Amino acid sequence: MTSRFLGPLEVGPQGLGCMGMSQSYGAADEGESIATIHRALELGVTLLDTADVYGAGANEELVGRAIADRRDSVVLATKFGFVGGPGQVRGDAEYVRQACDASLERLGLDHIDLYYQHRVDPAVPIEETVGAMASLVEQGKVRYLGLSEASAASIRRAHAVHPIAALQSEWSLWTRDVEAEIAPTCFELGIGVVPFSPLGRGFLTGAVTSVEDLGEDDMRRRLPRFEQANFERNAAIVAVLRELAAGHGISAGQLALAWVQHRGATVVPIPGTKRRKYLEENVAAAAVELSAADLAAIDAAVPAVAGDRYTAEMLRLTDN
């Protein structure tokens, strides 16, 4: 797999989101999750993405166990910022230091390759947060810094304090908000973009055909786009993708993922999965070539999305 760069950080063209291995998408299976991580590394996926909040720390512990004997093959990214109950974030300098030490302990590592602020704390100047993160770089605990779901203005302010290597945000055929200002700002400043949920939380693959396919504890049941009326309207997107994908001999999910990969040379999506079968399908999308005409046809054919990506409470936590 050809390398891409998040700032100066070299990674494979596609990463692996590990959140679903510990929360949000049904029952966990540690054996299959670890096997999936190992298979990802075999296939040239180097960027593994986790966070201290995923599974209340369990996901970092899982990833740490999976890479314990192959640390040199991994670019490990994790995030901090969520604390306590829903809607609570912290970005003060003291907490930044505490969170990093706790993550290193759970991961069993002596340094983190890419450390993100998971959400911007509106009560703390981002200069303070990034200044504390920069101190972690000086101490050797962190190599590179990132932000998640940050606005263009926050990105510029943060980057003026210390170089930001990557901005993580949702980006897919049904979530394109970043294209107006945020992605162009990153491209201008030499900051890589790491799209999470590039497959619309699995919806764009067509694997979920009804809300009833989702378990009672599946977090997607709480998202507006998965409400029954919106779900039925959004099914038209999958139908279009399947038709277009058939012309390339690939699946709808692979086409949707290839579209994200074609957003720019410094764009590295992190589709999440906890199964080797879906991992291998996702990785194959990195080899799909789409022409300018293909991309234009996809843009023109995909219907408008019904429903917001988050509830009002969840949207309140985003800075963009």
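This is a predicted model: local features need pLDDT of at least 70, side-chain atom pairs count only at pLDDT 80 or more; totals for chains, interfaces and linings use all residues.
User: Which residues are closest to the centre of the second largest pocket?
Analyst: Residues are numbered from 1 along each chain as its sequence is written, and side-chain values use heavy atoms, without hydrogens and water. Lining residues have an atom within 4 Å of a point. There are 13 of them here, and closest to the centre are Arg4, Pro13, Gln261, Ala286 and Ala287.

User: How many residues of each class are in that pocket's lining?
Analyst: Ala, Val, Leu, Ile, Met, Phe, Trp, Tyr, Cys and Pro count as nonpolar, Asp, Glu, Lys and Arg as charged, and the others, Gly among them, as polar. Sorted this way, the lining of the second largest pocket has 8 nonpolar, 3 polar and 2 charged residues.

User: What volume has the largest cavity, and which residues line it?
Analyst: The model has 1 cavity of 30 Å³ or more. The largest cavity holds about 40 Å³ of space. Its lining has 3 nonpolar, no polar and 4 charged residues. By name, they are Glu170, Trp174, Arg201, Leu223, Arg225, Phe226 and Arg309.

User: Are α3 and α4 parallel or oblique to each other?
Analyst: Helices are DSSP runs (H or I, at least four residues), numbered from the N terminus, and axes are lines fitted to C-alpha atoms over the stretch in contact, with angles from 0 to 180 degrees between N-to-C directions. Helix α3 (residues 93-107) packs on helix α4 (residues 126-138) at about 40 degrees, with axes 8 Å apart. Under 35 degrees counts as roughly parallel, over 145 as roughly antiparallel, 65 to 115 as roughly perpendicular and the rest as oblique. The pair α3 and α4 is therefore oblique.

User: What is the hand of the crossing of α3 and α4, and which residues make the contact?
Analyst: The crossing of α3 and α4 is right-handed (the near helix is turned clockwise from the far one by less than a right angle). Contact (heavy atoms within 4.5 Å) is made by Ala93, Val96 and Cys100 of α3 and Glu128, Thr129, Ala132, Met133 and Leu136 of α4.

User: Which residues make the contact of α4 with α5?
Analyst: The axes of α4 and helix α5 (residues 152-161) come within 9 Å and cross at roughly 40 degrees. That makes α4 oblique to α5. The contact joins Ile126, Glu127, Val130 and Gly131 of α4 to Ser154, Arg157, Ala158 and Val161 of α5.

User: At what angle do the axes of α1 and α2 cross?
Analyst: The crossing of α1 and α2 is right-handed. Axes of helix α1 (residues 30-42) and helix α2 (residues 58-67) come within 9 Å, and the angle is roughly 55 degrees.

Definitions and conventions: On a 1 Å grid over the protein atoms alone, a cavity is a set of points where a 1.4 Å probe fits but cannot get out, and a pocket is an open set with protein on both sides within 12 Å along at least five of seven lines; lining residues have an atom within 4 Å of a point. Helices (H or I, at least four residues) and strands (E, at least two) are DSSP runs, numbered from the N terminus. Grid points are joined across faces, edges and corners, and a volume is the space filled by probe spheres set on the points.
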